[in-house]
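Here are my notes on this structure, as numbered points. Please read them with the model open.

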Amino acid sequence: MIPNLDTLMYWIGQSAVVLMAAAGVLEAGRKRFDLFGMAIVALAAALGGGTVRDLLLGRPVFWVADQTYLMCALGAALVTFFLARVFVLPARLFLIPDAAGLALFTVTGTKAALVWGAPWLVASIMGVTTGVVGGILRDVLCNEEPLVFRGTLYATASWTGALVLIGLLDLDVDARIAAVSAGSAIFLLRVAAIRWGIGLPRFRAKGA
Amino acid sequence: MIPNLDTLMYWIGQSAVVLMAAAGVLEAGRKRFDLFGMAIVALAAALGGGTVRDLLLGRPVFWVADQTYLMCALGAALVTFFLARVFVLPARLFLIPDAAGLALFTVTGTKAALVWGAPWLVASIMGVTTGVVGGILRDVLCNEEPLVFRGTLYATASWTGALVLIGLLDLDVDARIAAVSAGSAIFLLRVAAIRWGIGLPRFRAKGA
Amino acid sequence: MIPNLDTLMYWIGQSAVVLMAAAGVLEAGRKRFDLFGMAIVALAAALGGGTVRDLLLGRPVFWVADQTYLMCALGAALVTFFLARVFVLPARLFLIPDAAGLALFTVTGTKAALVWGAPWLVASIMGVTTGVVGGILRDVLCNEEPLVFRGTLYATASWTGALVLIGLLDLDVDARIAAVSAGSAIFLLRVAAIRWGIGLPRFRAKGA
């Protein structure tokens, strides 16, 4: 059981890296970066969140310890780069792999922090960090306001899912069911928020 | 004596986190981020400087080891968020908690580096890092030129205070007196610089 | 032999810090930052790449362990600052120290990662990280689109050089000859790319 779950989480992590690298390329494409600049943005988007989580927890950085992540991210970036030159890709397309990557990274990040022994609030923040920091880095490198702040339940979906995962695990739900439930919740919340423009209340400083 | 000082430094640290989180919310408010985007900016502002210091020194990150900081930062962000919706807060208000946070973080950061055994120049840079990196992260996330670079003695006040603290401790002044003197010097320098528009000479490249 | 090489690499590292700090000041000058803001940009440019490399590898951060780097960076920043006030420096001048710093940092960064035991792909990425992250930080702090993404073979030159170094070392070429060859390749590629406007194919999303 537990080795199966570990294997599942490992491949979920690799899939998230692939999705976020693809989203990074589609976003960088709007800026007309060259092939290598684009690869750096893709790597930052795909590996940034997990890297910050590992640094904060004091663990070895996941892609330094296992080159497979690096190869998946670079491969996905190249494939997306050439696909986007051949096919007409709608500008908003990157929102879907980005939402899926957000869900997968949040689940693996929260799980990794819990396994490491972090208390619940820290673990949920580590899940959000793993999920959103890659996208923030991507947008900062592209000199844009981070997507995560542009409303429509981005980090909120991530944090909700992290808390769902922690809650279900605390109720002794099977770890795979908990992971799938939390991940689906994040993806559906995010996609619904994009589709219907749902957002949290905006802050408006009086007199600003 | 020494436990008292440790307790004092601990609560000074928590106060700085509260002040910087509040300043982060007031700054993010000008960008109309949503509640969660704002919370991330507040966390980056409040915890960013100390996090970078701990990573550079190779220490466990302070808020991962002690959840209280995380709770203080999130609580302060929420309270400021709702206060700002009810009361008319002048746009420049965030400069005062920001100045106080700068003073408190510089003092605790320098102290932490000295306790860790860093030589004086590194310790002073760690104090400045603790003091200014949170504000830099806040401004970079808001896609603005960092306040720290907009003249009026920001990092300069921080570095001066760090050197005053190191100098006083070297002269065997009581550690609490040294901390209060250095902190007051930073706060007063910064507030005076804002009030009277004092700044360092600007760089102007000939022919630029 | 080996101590000589270590000494050579050490002074190459210090030279790269000096060059990148100077390039940072010249870049920050276009933004009219004050003396201290400029010093922070110079430090980020000079020390940022190696710092990120050391954090990723889990090594002690080089300039925390050895204050000399910090002193070289601050000294170079001050000298450049005052030179630029006295002499007319052309706006594009910073491209030359930047290219030299890129070459030197890539070589030392790749070497450090190999010595640490990193596999080849990770080692080459560490070389690129050491070479380009400082410049990225400099440009992000100046709120500009990173130079590294503005075409003309920036990171590409760095990665080519890292792979040349790893390849030559694998062929048992003398370590000093390998280092000099790789560094020269990076510098010449980059300068030629600036001179003749050579770049990689730009990404252009159809329908974007």
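1. Start with helix H7 of chain C. Its buried residues are C:Ala155, C:Thr156, C:Ala157, C:Ser158, C:Trp159, C:Thr160, C:Gly161, C:Ala162, C:Val164, C:Leu165 and C:Ile166. Buried here takes 20 or more other C-beta atoms within 10 Å of a residue's own; exposed takes 12 or fewer, partly exposed is in between, and C-beta atoms are placed from the backbone. Helices (H or I, at least four residues) and strands (E, at least two) are DSSP runs, numbered from the N terminus.

2. A word on the basis. This is a predicted model, where local features need pLDDT of at least 70 and side-chain atom pairs count only at pLDDT 80 or more, while totals for chains, interfaces and linings use all residues. Residues are numbered from 1 along each chain as its sequence is written, and chains are lettered from A and ligands numbered from 1 in the order in which they are written.

3. What covers H7(C)? The cover of its buried residues includes H2 (35-57) of chain A, as well as H5 (95-116), H6 (120-141) and H8 of chain C. The length of H7(C) also checks out: 16 residues at 1.5 Å each should span 22 Å, and the end C-alpha atoms are 22 Å apart. The expected span is 1.5 Å times one less than the number of residues.

4. Look next at the residue C:Asp172. Just after H7(C), C:Asp172 takes a positive phi of about 65°, although C:Asp172 is not a glycine. The residue sits in the loop between H7 (155-170) and H8 (175-196) of chain C. C:Asp172 is exposed, because 8 other C-beta atoms lie within 10 Å.

5. Chain A has its own entry here. A:Asp172 is in the loop between H7 (155-170) and H8 (175-196) of chain A. Its phi is positive, near 60°, and the residue is not glycine. A:Asp172 counts as exposed because it has 8 C-beta neighbours inside 10 Å.

6. A:Val173 also belongs to the loop between H7 and H8 of chain A. Buried, exposed or partly exposed: which is A:Val173? It is partly exposed, because it has 14 C-beta neighbours inside 10 Å. Beyond four places in sequence, A:Val173 touches A:Leu168 and A:Ala178. Two residues are in contact if their C-beta atoms, placed from the backbone, lie within 7 Å.

7. Chain A as a whole is helical by this assignment: eight helices, zero strands. Along the sequence the pattern reads α-α-α-α-α-α-α-α. Of its 208 residues, 59% are buried. Among contacts with a separation of 6 or more, 71% join residues 24 or more positions apart.

8. In chain B, check the H7 and H8 pair. The axes of H7(B) and H8(B) come within 9 Å and cross at roughly 160°. Axes are lines fitted to C-alpha atoms, for helices over the stretch in contact, and angles run from 0 to 180 degrees between N-to-C directions. H7(B) and H8(B) are therefore roughly antiparallel. Angles under 35 degrees count as roughly parallel, over 145 as roughly antiparallel, 65 to 115 as roughly perpendicular and the rest as oblique. The crossing is right-handed; that is, the near helix is turned clockwise from the far one by less than a right angle, with anticlockwise giving left-handed. Residues that meet include B:Gly161 and B:Leu165 of H7(B), and B:Ala182 and B:Ile186 of H8(B).

9. B:Ala178 is in H8 of chain B. With 21 C-beta neighbours inside 10 Å, B:Ala178 is buried. Setting aside residues up to four places away, it touches B:Leu165, B:Leu168, B:Leu169 and B:Val173. B:Thr160 is 18 residues from B:Ala178 in sequence and 13 Å away, C-alpha to C-alpha.

10. H2(B) and H5(B) make another pair. They pack at about 15°, axes 11 Å apart, and are therefore roughly parallel. The contact involves B:Gly49, B:Gly50, B:Arg53 and B:Leu57 of H2(B), and B:Phe105, B:Gly109, B:Ala112, B:Ala113 and B:Trp116 of H5(B). In H5(B), 18 of 22 residues are buried. B:Gly117 follows H5(B), with a positive phi near 105°.

11. Last, the core. The largest nonpolar core has 234 residues. Such a core is a set of buried Ala, Val, Leu, Ile, Met, Phe, Trp, Tyr and Cys residues joined through C-beta atoms within 7 Å. B:Ala21 is among those with the most contacts inside it.
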